[in-house]
Amino acid sequence: MSAPRLDVITIFPDYLAPLDLSLIGKARESGLVDVRVHDLRAVATDRHRTVDDSPFGGGAGMVMRPDVWSRAIEATAAGSDGSAGSHGGAEPDPREVVVLVPTPSGAPLTQATAQRLADELAAPDVRAVVACGRYEGIDARLVPALREHDGVRRVEEFSLGDFVLNGGEVAALALLEAVVRLLPGVLGNPDSIVEESFSDAAVLEYPVYTRPADWDGRAVPPVLLSGDHGAVARWRRAQSLTRTVERRPDLLDLLAVADLDRRDLDVLADAGVVVARDGALLGPLRVREAGEADVLALADLAATTFPLACPDPTTLADVRRHVAAHLSPAHWREHLADPDHHVLLLVDRSGLAVGYSLLLTGEAQGSDLAGTGIAVEGTRYAELSKLYLLARCHGTGAAGVLMAATLERAATLADAVWLGTNAGNAAARRSYERSGFAVVGERTFRVGDVDHLDVVMLRSVAD
Ligand code: JB8
């Protein structure tokens, strides 16, 4: 049976010399893969072996001719070009061809692409041809023509990322390195494939360490020297997850909540990532101070979230009256201008505000705490006037992220924080209790024309 085969066509065959080295070189020598490099100029017909011409429509640089490229790919697919590979030979190869074209406008190369190619090439009926362009690229008619060509199974244009190379050779090397190591028998220890980033769960690798255990005063994390294999595995998993949140939050969209256990979710929550009610991972959630530019976002958020906190019999008219009277953009402008009003925003990964809190200090806070008779002379109090989140964040732990940051902020302003919350809203009350608040009294709170009963809750923020 013939080995998985990859042909590379280029005007710089020497650029692919690294294919003789290391893992790929060994795999070629032992016949696990058949990699051959061809000079595009071998099929050029004129005296100067021309492969390019000036662009129609004008502009800088040169464009590679589609007729030359088509001949080169046909010759390579037919095995009739006679160029030397690791095992030489110009015998016809009946396999269908997948043509791979590196180009900055291609789809980003991923581990999934590499794995799919490796799986395909491990089967006996397909081989790959990589077409390395140079200059301004290859005439745009080549790819569609190849797609209609007999024996061509597929044409894939790919890119290594959002940067520009001088030609496709380095991208071809990268693709080959990514694919060949996944071919059967090439890696001695397949475990190391399974454990890697991007293989299944979309998380980054944990950091690795070796001797010396203390290097210039930099110690290896002690858990790795503990001999406790369970603890090591848990630490590594936590490192993978936190690194992913911090460095590649975009990968969180590929993480399936079903693959996460309770401990994973706790680690993610500490990093500001929570599970939304639709199962998507939300975050990393970050808290920042609101500014002038956030006035409309705040008014929007406040108007959207206020009704969610209203007790059942509240009418739409009452809500509207309250929003107009207290939560308009003008009100938010005033909050932001007042040094005793402190507005924090909870923002998601894309910077969108999903929650806010409002702390009132000094004279700005209401007198309801005083009304309970609990207030102690000489203690500085702050009122947590609002802490609201969009409905899709409710019950996710997102409020805890905002609460923690709000209490941290409050600790710089006061000794204790109090709040009033609707007496009938048991969920809100439980949530405040989890955040360290205790009920200390009652008050009435007016929405529109209706008075509601609130409980007053208090917690210390002094250390
Ligand atoms: C001419 O950046 B790249 C890339 C750049 C190229 C060509 C192919 C690939 C051909 N410039 O992936």
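**Close-up views of a predicted model**

**View 1. The shell around the ligand.** Around the ligand lie Pro 102, Thr 103, Pro 104, Gly 133, Arg 134, Tyr 135, Phe 163, Val 164, Leu 165, Asn 166, Gly 167 and Gly 168 (a heavy atom within 4 Å). Taken alone, the ligand exposes 310 Å², and the protein buries 94% of that (Shrake-Rupley method, 1.4 Å probe). This is a predicted model, where local features need pLDDT of at least 70, side-chain atom pairs count only at pLDDT 80 or more, and totals for chains, interfaces and linings use all residues. Residues are numbered from 1 along each chain as its sequence is written, and side-chain values use heavy atoms, with hydrogens and water left out.

View 2. Tyr 356 belongs to strand β14 (residues 353-361) and Tyr 388 to strand β15 (residues 381-389), 32 residues apart (strands are DSSP E runs of at least two residues; helices are H or I runs of at least four).

View 3. Most residues other than glycine have a negative phi, and most peptide bonds are trans. Yet the bond from Arg 211 to Pro 212 is cis, with omega near 0 degrees, and so is the one from Gly 283 to Pro 284, with omega near 10 degrees. Ser 22, not a glycine, has a positive phi of about 55 degrees and sits in helix α1 (residues 22-29).
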